[in-house]
Amino acid sequence: MRAQFILSEIGIGLRRNLSMTISVVLVTFVCLTFLGAAALLQAQIDKMKDDWYDKVEVSVFLCPSNSAAPTCAAGEVTPEQREDILAALDAPEVGQYVQEIYEESKEEAFAAFQRQFGDQFWASAATADDMNSSLRIKLTDPEQYQVVADVVSGRPGVESVEDQRRLFDNLFLVLDRATWAAAGLAAIMLLAAVLLITTTIRLSALSRRRETGIMRLVGASTLFIQLPFMLEGAIAATLGAALAIGGLWLGVEYLVTDWLGQSVTWIPYVGTSDVLAIAPLLVVVAFVLAAISSLVTLSRYTKV
């Protein structure tokens with residue numbers, strides 16, 4: 001009987017404030033979509049870091065014949081200078097961070113240049129002598145780039161030292177800022193959702209103030225009186241969470257997996273399993289929204 005009464009009260013409340021309930025569902029949907037998107041973007045960044053940082057190489061560009069760098073004043077790198085650089089990289093304090101060293105000649109660099117830019121009109125003027133021979137150093141720990149760079153930088157025969165990780169860090173910085181922007185928008189929308197749920201519960205409580213007063217006079221407990229209103233807010237918030245989860249799942253499945261995954265295959269993408277992993281978080285946030293709104297509103301508007 002009590003369960004049937006509570007369910008009927010919930011139905012009455014939702015029907016009386018249908019427009020407000022729909023507003024709560026939509027605002028919750030939008031704010032949890034932003035929150036979920038921020039979580040997925042962070043998961044995407046973590047996947048890319050795990051995959052790309054393992055492939056990071058330090059590139060040591062050796063002096064060509066026409067370099068203006070101070071370390072190349074003697075001209076093109078000599079075999080003795082090359083051996084000195086390799087010996088420095090093989091020293092115990094540095095060698096522990098070096099997994100493998102690939103030596104690339106000017107001819108190999110020119111062939112790679114032609115493969116990448118051969119269809120450009122300006123590339124036809126380049127020759128193998130314009131290229132740098134180089135050392136590609138794969139690290140056991142990409143975090144130790146600076147240790148390796150300090151050893152070879154400034155040595156005779158070394159024109160420059162570049163770390164591929166620095167290129168990735170600029171990209172990840174942009175993505176991290178996008179994550180924070182999405183999280184900030186989600187926080188603003190969460191506040192709007194709390195205010196809307198609070199207003200919905202307040203309107204529902206005011207429209208049934210006479211009924212709640214009679215229930216209190218006949219001895220109904222506070223929880224029994226407030227429970228229908230609490231459940232109304234929880235149902236609306238949960239519907240918004242379900243829509244957000246569904247929207248994120250569809251977006252990842254069709255935009256990320258089917259479209260981006262087929263177009264740009266060298267990036268590891270988040271999948272629908274990641275959406276399912278954050279789904280409980282979104283549902284919990286929806287319940288917390290409803291709980292905060294209920295606590296703020298019911299203690300005042302269900303009094304006689």
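## Overall architecture

The model is predicted. Its protein chain has 10 helices and four strands. Read from the N terminus, the elements follow the order α-α-β-α-α-β-α-β-α-β-α-α-α-α. Of the 304 residues in the protein chain, 40% are buried.

## The four-stranded sheet

The four strands make up an open sheet, arranged in the order S2-S3-S1-S4 with antiparallel pairing. Strands S2 and S4 form the edges, each pairing on one side only. Within this sheet, neighbouring strands are turned against each other by 20° on average, direction ignored. In general, the strands of a sheet pair through backbone hydrogen bonds, in either a parallel or an antiparallel manner.

Strand S1, which covers residues 57-62, runs antiparallel to S4 and is joined to S4 by five bridges. S1 also pairs with S3 in the antiparallel sense, again over five bridges. Val60 illustrates both pairings: its bridge partner in S4 is Val161, and its bridge partner in S3 is Leu135.

How many of the six residues of S1 are buried? Six of the six are buried, so S1 is largely enclosed by the rest of the structure. The cover extends to both faces of the strand: Glu57, Ser59 and Phe61 are buried on one side, while Val58, Val60 and Leu62 are buried on the other.

Asp163 belongs to strand S4. Asp163 counts as buried because its relative accessible area is 7%, and the cut-off for burial is under 20%. The C-alpha atoms of Asp163 and Ile137 are separated by 9.6 Å, although these two residues are 26 residues apart along the chain.

## Salt bridges

The structure holds four salt bridges, and three of them are described here. Side chains of opposite charge can pair when their charged atoms come close.

Arg82 forms a salt bridge with Glu103, with 3.4 Å between the closest N and O atoms. This pair links distant parts of the chain, since Arg82 lies in helix H3 (residues 79-89) and Glu103 in strand S2 (residues 98-104), 21 residues apart. Glu103 has a relative accessible area of 46% and is therefore partly exposed.

Is Glu104 buried or exposed? Glu104 is buried, because its relative accessible area is 18%.

## Annotated regions and helix H7

In the unreviewed UniProt entry, the annotation "transmembrane region" covers residues 21-45, 180-205, 217-250 and 275-298. In the model, the span of residues 21-45 is 100% helix and 0% strand, and its end C-alpha atoms lie 36 Å apart.

Ala193 is found in helix H7, which spans residues 164-207. Ala193 is buried, with a relative accessible area of 0%. Between the C-alpha atoms of Ala193 and Ala237 the distance is 8.5 Å, while the two residues are 44 residues apart in sequence.

## A nonpolar surface patch

Which residues make the nonpolar surface patch of about 420 Å²? Trp249, Leu250, Tyr254 and Leu276 form it. Helix H9 (residues 222-263) contributes the most to this patch, with three residues. Leu250 has its place in helix H9, and Leu250 counts as partly exposed because its relative accessibility is 45%.

Conventions:
Residues numbered from 1 in each chain as written. Predicted model: local features only at pLDDT ≥ 70, side-chain atom pairs only at ≥ 80, totals over all residues. Heavy atoms only, no water. Patch = residues over 30% accessible without salt bridge, like charges linked within 9 Å, V, L, I, M, F, W, Y side chains within 5 Å. Areas by Shrake-Rupley, 256 points an atom, 1.4 Å probe, with all protein chains shown as cover. Salt bridge = Lys/Arg side-chain N within 4 Å of Asp/Glu carboxyl O. Helix = DSSP H or I, 4+ residues; strand = E, 2+ residues; numbered from the N terminus. Buried < 20%, exposed > 50% of the residue type's maximum accessible area, 1.4 Å probe, protein only. UniProt positions renumbered as here; feature names shortened; annotations may be inferred. Pairing = 2+ DSSP bridges. Axes fitted to C-alpha atoms, helices over the stretch in contact; angles between N-to-C directions.
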